[in-house]
Amino acid sequence: MSFSRGSRKIFDDISLDISRSKVTAIMGPSGTGKTTLLKLIGGQLKPEQGTITMDGNNVHQLSRKDLYQLRKRMGMLFQSGALLTDINVFDNIAYPLREHTDLDESMIRSLVLMKLNAVGLRGARDLMPSELSGGMSRRVALARAIALDPVMVMYDEPFTGQDPISMGVLVNLIHRMNQHLRLSSIVVSHDVPETMSISDHIYLISGGKIVAKGSPEELENSDDPWVQQFIAGKADGPVPFHFAADPLMQDLLS
Amino acid sequence: MMNNIQLIGHKLIATVARLGQATVFLYQILLTMPGVLIRPKLITKQLYSTGVQTLVIILVAGTFVGMVLALQAYYVLVDFGAEDSISQMVVLSLMRELGPVITGLLFAGRAGSALTAEIGLMKSTEQLSGMEMMAVDPMQRVMAPRILAGFLAMPILTAIFIAVGVLGGYLVAVHGVGIYEGVYWSLAQTKVDFYTDLMNGMIKSIVFGLVIVWIAVFEGHDSVPTSEGLGQATTRTVVHGSLAVLGLDFLLTALMFGDI
């Protein structure tokens, strides 16, 4: 699959498989198009070449109605949470249930409370999104993403900007949900230790290409200098820290 | 010289392309309307924020416009001994022109800018994308109820503007400059034609309402999701909305009252 924004190539003929009931991580430096990849999988963007299939359905060949049917089986945790700001936590989680099911309100209430309990925020059901911390927003968004019991959940940078406690809770939650609900999970992140601790398979993306793939152990033991630099977070290596520029001394004296 | 011509050409093409995008956008919204009509709650919520919350500014502006009209009419008409016709001038001006036009301008400034900011913020905080991924169509749940509410709110606001304007004129004419109360109301009644004056004014307000909310919702949806982009989109809504009201007013007036 290839995808460009204007003249900039974001993905250049990449190919990847997401295994059922496993946690697949997509990692790479900032700006490599990890979020774009999730939007392509969700059918919000269209590849300029190639196909994306889910359960045998070519996502971009589906009619709008069929695409929406498919999306009911996908959950997505946005980086910002993307909670609807004019309704409270309870109504945010009830929203997809009210839209897509004919369940009565008492059943919806039970389901919402169970989802909120799973993320530890049953007591916060009456709060508005503006009253939540970043970590709480992410957990509410996670509860909403699993409201319709999807078969696949996509997590966009779930750990970014979290304090250690929230991060630990989120790592645990994603791991537990994958174990108990047998979800197929795609985690997009550049938080290396947290993501590696819960992943079954990892793809490393850079410069529009997949530069490495394998299990966390395989990548840890890789002797590829790019992989080692990314995993260890070293400034020196094949990935330059500085944007292309003239030498500093030349710049200062010019 | 060639560069300037090229620049004008580029701008013209960009404007036509944007108009085309906005038309397709409106068409997509109109396709989702049946789904909105079966959810009246969505519309009433938007009627409150676009209509009810604009009411105060409409009441205050309408009263003062009516008072000023009456005062200016008196200063002119008194020289001809025709000051009794104040109400005719006040009522006809408000119904035919000032009611729909000033309500439209205030609506673009108050409700239009709020709509653009709200939708632009929903876009920048990924709420619209979030709805898409929940298999909920934002065109139907977010855009269409706002278009419909604006379409319904504008004629009601215009009618209120005209009513309080006539009352403002009454205060100045009767209690200010001493016109006989019976003359004020009887002339206001006899010189107004229901279809030519009131209905044409209402038709104008419906057209203005639709155009303003169309511009506001499109600008919000099309805004660059940054604070600067949002500010620019809000400004465009007020400027384009106001200019559209004034331009369309000329066109509609020529069609309704003139021989052009």
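**Figure 1. The largest pocket of the predicted model.** In this predicted model, the largest pocket has a volume of about 900 Å³. A pocket is, on a 1 Å grid over the protein atoms alone, an open set of points where a 1.4 Å probe fits, with protein on both sides within 12 Å along at least five of seven lines; lining residues have an atom within 4 Å of a point. Grid points are joined across faces, edges and corners, and a volume is the space filled by probe spheres set on the points. Lining this pocket are 25 residues, and those closest to its centre are Lys39(A), Gln44(A), Leu128(B), Ser129(B) and Glu132(B). At least two lining residues come from each of helix H1 (34-41) and helix H2 (64-71) of chain A, and from each of helix H1 (2-31), helix H6 (127-133) and H7 of chain B. Helices (H or I, at least four residues) and strands (E, at least two) are DSSP runs, numbered from the N terminus. The lining comprises 6 nonpolar, 10 polar and 9 charged residues; Ala, Val, Leu, Ile, Met, Phe, Trp, Tyr, Cys and Pro count as nonpolar, Asp, Glu, Lys and Arg as charged, and the others, Gly among them, as polar.

Residues are numbered from 1 along each chain as its sequence is written, and chains are lettered from A and ligands numbered from 1 in the order in which they are written. Local features need pLDDT of at least 70, side-chain atom pairs count only at pLDDT 80 or more, and totals for chains, interfaces and linings use all residues, while side-chain values use heavy atoms, with hydrogens and water left out.

**Figure 2. The second largest pocket.** This pocket has a volume of about 680 Å³. Of its 21 lining residues, Ile87(A), Tyr95(A), Glu99(A), Leu42(B) and Lys45(B) lie nearest the centre. Helix H3 (89-100) of chain A supplies at least two residues of the lining, as does each of helix H3 (40-50), helix H5 (86-124), H6 and H7 of chain B. The lining is made up of 8 nonpolar, 3 polar and 10 charged residues.

Figure 3. The structure holds 1 cavity of 30 Å³ or more, a cavity being a set of grid points where the probe fits but cannot get out. The volume of this largest cavity is about 140 Å³. It is lined by 15 residues, with Met74(A), Arg144(A), Ala145(A), Met133(B) and Met134(B) closest to its centre. Two or more lining residues are given by each of E6 and helix H5 (134-145) of chain A and H6 of chain B. E6(A) gives the most, with 3 residues. In the lining, 10 residues are nonpolar, 2 polar and 3 charged.

Figure 4. All 5 of the 5 residues of strand E7 (residues 152-156) are buried, so the strand is largely enclosed by the rest of the structure. Buried means under 20% relative accessible area, exposed over 50%, and partly exposed in between (1.4 Å probe, protein chains only). Met152(A), Met154(A) and Asp156(A) point one way from E7(A), whereas Val153(A) and Tyr155(A) point the other way. Two strands pair if DSSP finds at least two bridges between them. Strand E6 (residues 74-77) of chain A pairs with E7(A) in the parallel sense over 4 bridges, and Met76(A) has Met154(A) as its bridge partner. E7(A) is also joined by 5 bridges to strand E8 (residues 184-189) of chain A, and these two run parallel; here Asp156(A) stands opposite Val188(A).

Figure 5. In strand E9 (residues 201-206), 5 of the 6 residues are buried, so the strand is largely enclosed by the rest of the structure. Strand E3 (residues 23-27) of chain A pairs with E9(A) in the parallel sense over 4 bridges, with Met27(A) opposite Leu204(A). Strand E10 (residues 209-214) of chain A pairs with E9(A) in the antiparallel sense over 5 bridges, and Ile210(A) is the bridge partner of Ile205(A). E9(A) and E10(A) form a hairpin with 2 residues between them, and Gly207(A) in the turn has a positive phi of about 55 degrees.

**Figure 6. The nonpolar cores.** A nonpolar core is a set of buried Ala, Val, Leu, Ile, Met, Phe, Trp, Tyr and Cys residues joined through side-chain atoms within 4.5 Å. The largest has 63 residues, and Ile29(B), Ile86(B) and Met143(B) have the most contacts inside it. Helix H7 (residues 138-176) of chain B contributes the largest share, 16 residues. A second, separate core of 34 residues includes Val89(A), Val112(A), Leu173(A) and Val187(A).
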